[in-house]
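Thank you all for coming.

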Amino acid sequence: MVLPLSPDTLKQTLLALGVTDEPGWKALLEEAERRGTDLETVIVDRELLTDENFGKLIADQYGVPYVQLASVGIAPEVQTLVPESLARAQRLLPFAVVPDGVKVAMHDPSNHEAIRILEKKAGKPILPSFATLRDLDKAFGIYRQGIKETFSDLMGSHLAAAGNSFRPEDLPVTKIVDALLEEGFENGASDIHVEPQREDTVIRFRVDGILRDVLKVPKRVHDLLVARIKILAKIKTDEHRSAQDGKFTYMLVDARMDVRVSIAPVIEGEKVVMRLLSEKMRRFALEELGLRGTDLQKIHTALEKPWGMILSTGPTGSGKTTTLYAMLRILNERAVHIATIEDPVEYELSGVSQIQVNPETNLTFADGLRSILRQDPDIIMVGEIRDAETGEIAVNAAMTGHLLLSTVHTNDAATTMTRLLEMKIEPFLLSSTMNIIIGQRLVRRNCRTCLVSYEVPVTKLEGTLPPKLMADLFRDKETVLLYRGKGCLACGGTGMVGRIGIFEVLEVTEAIRTLLGARVSADEIRKKAIEEGMTTMFEDGIRKVLSGETTIEEVQHETRM
């Protein structure tokens, strides 16, 4: 699919904005041809423009409104106006009926033939708006059946054909597993759980960090599902009493999904957890992750330095690896050699040398890091600093002219310092190599489709927020406007869709280096960082509450304040 706007017009527009130059434009064309994709995808993937800004830019060129379907929602009465095949082929979707006609999101608002056909079908004028490819692709989900209906169709058609001779082994297990994977991807699930119970098997999706029951299947089907997943993951199908791990790649219509499989024996059978890793789902810019203002500027400043350490810290599932990948995408240029050691390699990055930890061959983080240092790297990413040996090698690498990115499992940025000191890393080494430490958590986002506001007396927040933060944010105010999703079809009635990060970025200044040398406590380091202007995770979260992105309850739950 090519961009309907002429490449020459797009080129001149981007040059005028200063987001690229002649060599950069040529590189965009070459990348689009190499990847077999459109310029729009390459421009957004390379973060020259966000998807929203790109949409507004092109809409302005066409002279039509820009629409973000995820925000406005799609009226039920227009969902049947265009069949799925036509909607996907023409890249368009009706989304609202107004007195003047039918509003239609289009990737090519100049497609007069499609507009004529729609006007004839609807019996009303068509009012075109521009929508990006990504936004349209997400919105096409309205045509999908639910997982329950899909499974019912697969089971029902077979049972009708088999009659009284039904045998579980005759089920279309391959199609059932494919349906699970595709539904998981479409629903934005990070994990699919296949859990055997006494009477049946429960399928659960982890979406936005929350596990949700989506389907129950007959217990007699369970072993067949597990066997199919084992075959895909190339692990032993005749082993049922020990834990096994594997992985496979699943090809979707417009994306590739890597699936990590973990199988463990439980009382009622074998439990399967599939981690879904899609490059398409993780092409985030730092801004999209939730980094703003001075925190974002601190990170960009640290990324411009030729050497030193940048650490991301937080518990499992807090988005640390996603943050590292977002930074690597900024750093990934042909003029530098980037090498990583990961466990496992979650996403493949073009032009980056990625090594996976392998316990069977004794390839540990420390050994892999030693190997990388002999490969003439400029930038190194270590998936995690778990032990003193890896920590010492990492610090020495940062001190000898390399920019090193890694993660550490600690509760906040300040505690990371003391954790590394506990690994017996010398304070003078840390103080001379550490650039910034990013503490983070993930909170669920309010659904933009059903977002509503409500007023709360400031006095009601007393005791919920620290006094200093209350004074800074609500001085001389009697009420404050907060937001929440009331629940709709787009969010499945939860009021929440997606997640956003809340961050604290601790810049290692001269004052912090002095405290490090004195081996002070994490509390003292945190206090000094706040004095020097660090925004804590909790405060960043509250600011996102006030802007309508999340709720106080979400921030409190993730920061345990």
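Before anything else, a word on the confidence score: pLDDT is the predictor's confidence in each residue, on a scale from 0 to 100, and we need it here since what you are looking at is a predicted model. Averaged over the protein, pLDDT comes to 85, and 91% of the residues reach 70 or more. Where in the protein is confidence lowest, and where is it highest? The lowest mean, 62, belongs to helix H9, which covers residues 147-162, while the highest, 96, belongs to strand E10, residues 308-313. Over residues 160-166 pLDDT stays under 50, and for this stretch the model has four contacts beyond four places in sequence. Where pLDDT is low, the predicted coordinates should not be read in detail.

Let me turn to a group of strands, with strand E2, residues 101-106, as our point of reference. E2 is mostly covered, in that five of its six residues are buried. On one hand, E2 pairs with strand E1, residues 92-98, in the antiparallel sense and over six bridges, and the two are joined by a hairpin through two residues.

Now to the charged side chains. How many salt bridges does the model contain? The count comes to 23, and I have picked out a few of them.

Let us take Lys-11 and Glu-22, whose side chains meet in a salt bridge at 3.1 Å, N to O. This pair links distant parts of the chain, with Lys-11 in helix H1, residues 7-17, and Glu-22 in helix H2, residues 22-35, the two being 11 residues apart. Is Lys-11 buried or exposed? Its relative accessibility is 15%, and because the cut-off for buried is under 20%, Lys-11 counts as buried. Glu-22, by contrast, has a relative accessibility of 45%, so it counts as partly exposed.

The pair of Glu-52 and Lys-56 forms a salt bridge with its closest N and O atoms 3.1 Å apart, but here both residues lie in helix H4, residues 51-62, four residues apart, which is about one turn of the helix. Glu-52 counts as partly exposed because its relative accessibility is 33%, and Lys-56, at 43%, counts as partly exposed as well.

A further salt bridge joins Asp-412 to Arg-526, with the closest N and O atoms 2.5 Å apart. This pair, too, links distant parts of the chain, 114 residues apart: Asp-412 sits in the loop between strand E14 (403-408) and helix H17 (413-422), and Arg-526 sits in helix H22, residues 522-531. Asp-412 has a relative accessibility of 12% and therefore counts as buried, whereas Arg-526, with a relative accessible area of 21%, is partly exposed.

Finally, salt bridges also occur as a network in this model, linking Glu-195, Arg-204, Asp-213 and Lys-271. I am happy to take questions.

Key. Residues numbered from 1 in each chain as written. Predicted model: local features only at pLDDT ≥ 70, side-chain atom pairs only at ≥ 80, totals over all residues. Heavy atoms only, no water. Salt bridge = Lys/Arg side-chain N within 4 Å of Asp/Glu carboxyl O. Buried < 20%, exposed > 50% of the residue type's maximum accessible area, 1.4 Å probe, protein only. Pairing = 2+ DSSP bridges. Contact = heavy atoms within 4.5 Å.
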